[in-house]
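These are my notebook entries on one structure.

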Amino acid sequence: MYSLRLETFIKVVDVGSFTKAAHALLVSPNAVIQQINQLEKDLGGMQLFIRTPRGVIPTQAGLSLYQDAKYIIQYSKDSLTRAKIVGRVQSV
C-alpha cells in the first residue's frame, strides 16, 4: 500500500548514510542506493541528497519530501490497522 522506496528514503534521512540505512533495514547498501536513485528518477531527476564522503545530507527538496513521506507512511499504516479492525468486527 505504501512505497518501500519512501521507507528507505526516510531511513536514509534519519541516519544520514546509505550504509547505516542498509544496516538498519537489513539490506545491502547497493539496494538502498538503487532505491534512492530510482526514487530520484521517478521524481524527474530531482536530487534528494547531497552525497559527501561522510554520508548524505538532504536537499531542500529532500527535506520537503521527508516531511510528507513520514505522513504518508504513517497514514498508510494507520489505514491498514483500521481496515483490520473493521474486518475483525465484520467477521464476528
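Entry 1: The model is a predicted one, in which local features need pLDDT of at least 70 and side-chain atom pairs count only at pLDDT 80 or more, whereas totals for chains, interfaces and linings use all residues. Residues are numbered from 1 along each chain as its sequence is written, and side-chain values use heavy atoms, with hydrogens and water left out.

Which residue forms a salt bridge with Asp42? I found Arg5, with the closest N and O atoms 2.7 Å apart. This pair links distant parts of the chain, since Arg5 is in helix H1 and Asp42 in helix H3, 37 residues apart. For the term salt bridge I took a side-chain nitrogen of Lys or Arg within 4 Å of a carboxyl oxygen of Asp or Glu. Helices (H or I, at least four residues) and strands (E, at least two) are DSSP runs, numbered from the N terminus. Arg5 is also partly exposed, because its relative accessibility is 32%.

**Entry 2: the other salt bridge.** I noted a count of two salt bridges by this rule. Side chains of opposite charge can pair when their charged atoms come close. Arg51 and Glu40 meet through their side chains in a salt bridge, at 3.1 Å from N to O. Arg51 belongs to strand E1 (residues 49–52) and Glu40 to helix H3, so the pair ties together parts that are eleven residues apart in sequence. Is each partner buried or exposed, or in between? Arg51 is partly exposed, because its relative accessible area is 38%. Glu40 is buried, because its relative accessible area is 10%.

**Entry 3: Asn37.** I then turned to Asn37, which lies in helix H3. The side chain of Asn37 makes a polar contact with the side chain of Arg51 at 3.3 Å. A polar contact here is a pair of N or O atoms within 3.5 Å; within protein, one must be able to donate a hydrogen and the other to accept it, and residues adjacent in sequence count only if both atoms are side-chain atoms. With 39% relative accessibility, Asn37 counts as partly exposed. I also checked Asn37 against Arg5: they are 32 residues apart in sequence and 9.6 Å apart in space, C-alpha to C-alpha.

**Entry 4: Thr8.** Thr8 is a residue of helix H1. I recorded Thr8 as buried because its relative accessibility is 2%. Which residues is Thr8 in contact with, leaving aside its neighbours within four places in sequence? I found Leu25, Val32, Gln35 and Ile36. Contact means heavy atoms within 4.5 Å.

**Entry 5: two loop residues.** Leu26 sits in the loop between helix H2 (18–25) and H3. Leu26 has a positive phi of about 60 degrees although it is not a glycine. I classed Leu26 as exposed because its relative accessibility is 76%.

Met46 is found in the loop between H3 and E1. Its relative accessible area is 34%, so Met46 is partly exposed. Leaving aside neighbours within four places in sequence, Met46 is in contact with Glu40 and Ala61. Met46 and Val13 are 33 residues apart in sequence and 16 Å apart in space, C-alpha to C-alpha.

**Entry 6: helix H4.** I looked up H4 (residues 60–91), which has 32 residues and reaches 47 Å from its first C-alpha to its last, close to the 46 Å expected at 1.5 Å a residue. The expected span is 1.5 Å times one less than the number of residues. Which residues of H4 are buried? I listed Gly62, Leu65, Tyr66, Ala69, Ile73, Ser76 and Ser79. The cover over these buried residues includes helix H1 (4–15), helix H3 (29–42) and strand E2 (55–58).

Gln60 also lies in H4, and I recorded Gln60 as exposed because its relative accessibility is 66%. Thr81, another residue located in H4, is partly exposed, because its relative accessible area is 43%. Thr81 and Ile57 are 24 residues apart in sequence and 33 Å apart in space, C-alpha to C-alpha.

Key
Buried < 20%, exposed > 50% of the residue type's maximum accessible area, 1.4 Å probe, protein only.
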